[in-house]
Amino acid sequence: MKIALLQMMVTADKEKNLKRAEELVNKAAQGGADMAVLPEMFNCPYDNAYFPEYAEPKGGETYRRLSEMAKENAIYVVGGSIPQIKENKIYNTSYTFDRQGNELHDYSKTHLFDIQVDGGQAFKESDTLTPGNGMGVFQTEFGLFGLGICFDVRFQSDWEMLQKQGALVCIVPGAFNMTTGPAHWELLFRARAVDNQLFMVGVSPARDLDFSYHAYGHSLVADPWGSVLTQLGFEEDIAIVSVDLERVASVRRQIPILSPPVME
Ligand SMILES: NC(=O)CCC(=O)C(=O)O
């Protein structure tokens, strides 16, 4: 199967972001992709100051447009994430749609990004956001996929749970930064891929130095062996990556570390 990583430049104009997402999903479909993946907070700059203003209820404008993108292009769309408002609380939520535009999966980020690195990046999502209640998998014609959002990638026990549930590929809309990105982004994706013997797909926004938060970019795919199949730079770009799902069973057969042993 082919997965498109849409490393989109996110602006402060929500409508412009939605139109750009539509263009990129269309380009992914034209390029033969089966699934298009958008970045974390793709309709809103990644900044606590914007999350409440850009938040939408489930079924709102962004949700509808994502569903249309999927249906019009007959492609799976993992809608990165957006700020969702529910009962006066705001969540960092990802919606996934199948080729007919039906919702397949709805997930709100479990582990909020609260860090304070000495001399480096500080961020406190919990100033505006509420955590979700756990990651899960969704079924596609290719097999089971898992999904987490950005900071979630640091919590191996959650990914082990997705592997035990049968995930062959895990998708991570994310926005690392210029402190932790160079240090940990590729390392974490390769580690999760090797630990769980599955594909890890990370999709970041492009870097925009005009905003307070400078995304690392470097959207990538790591295979079950830990090899990086593709990695972008920091600018807006798109990669369509062929993922051979047989590789999961092959690596698990050669290095049987999972318990109980999983061959698919
Ligand atoms: N948006 C996020 O969760 C960022 C996570 C991050 O940068 C990290 O280092 O972890």
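1. At what angle do the axes of helix H1 (residues 14–30) and helix H3 (residues 61–73) cross, and within what distance do they come? In this predicted model, the two axes cross at roughly 20° and come within 10 Å. Because angles under 35 degrees count as roughly parallel, H1 is described as roughly parallel to H3. The crossing of this pair is right-handed.

2. The contact between these helices can be listed by residue. On the H1 side it involves Lys14, Glu15, Leu18, Lys19, Ala21, Glu22, Val25, Asn26 and Ala29. On the H3 side, the partners are Glu61, Thr62, Arg65, Met69 and Asn73. By class, the residues of the H1 contact with H3 comprise 5 nonpolar, 3 polar and 6 charged.

3. A further helix pair is formed by H4 (residues 156–164) and H5 (residues 180–196), whose axes lie 10 Å apart and pack at an angle of about 45°. That angle makes H4 oblique to H5. H4 passes H5 in a right-handed crossing.

4. Which residues bring H4 and H5 into contact? From H4 they are Gln156, Trp159, Glu160 and Gln163, and these meet Arg192, Asp195 and Asn196 of H5. The residues of this contact divide into 1 nonpolar, 3 polar and 3 charged.

5. Turning to the strands, an open sheet is built from 6 of them in the order S9-S10-S11-S12-S13-S14, with mixed pairing. Its edges are strand S9 (136–140) and strand S14 (228–231), each of which pairs on one side only. From one strand to the next, the twist averages 20°.

6. Within that sheet, what is the relative direction of strands S10 and S11, and how many bridges join them? Strand S10 (residues 143–147) and strand S11 (residues 169–173) run parallel and are joined by 3 bridges. Leu147 stands opposite Ile171 of S11. As background, the strands of a sheet pair through backbone hydrogen bonds, in either a parallel or an antiparallel manner.

7. As to annotation, the UniProt record, an unreviewed entry, places the feature "domain: CN hydrolase" at residues 1–245. In the model, the end C-alpha atoms of residues 1–245 lie 8 Å apart. The span is 24% helix and 29% strand.

Key
Residues are numbered from 1 along each chain as its sequence is written. This is a predicted model: local features need pLDDT of at least 70, side-chain atom pairs count only at pLDDT 80 or more; totals for chains, interfaces and linings use all residues. Side-chain values use heavy atoms; hydrogens and water are left out. Axes are lines fitted to C-alpha atoms, for helices over the stretch in contact, and angles run from 0 to 180 degrees between N-to-C directions. Helices (H or I, at least four residues) and strands (E, at least two) are DSSP runs, numbered from the N terminus. Angles under 35 degrees count as roughly parallel, over 145 as roughly antiparallel, 65 to 115 as roughly perpendicular and the rest as oblique. A crossing is left-handed if the near helix is turned anticlockwise from the far one by less than a right angle, and right-handed if clockwise. Contact means heavy atoms within 4.5 Å. Ala, Val, Leu, Ile, Met, Phe, Trp, Tyr, Cys and Pro count as nonpolar, Asp, Glu, Lys and Arg as charged, and the others, Gly among them, as polar. UniProt positions are given in the numbering used here, feature names are shortened, and annotations may be inferred rather than shown by experiment. Two strands pair if DSSP finds at least two bridges between them.
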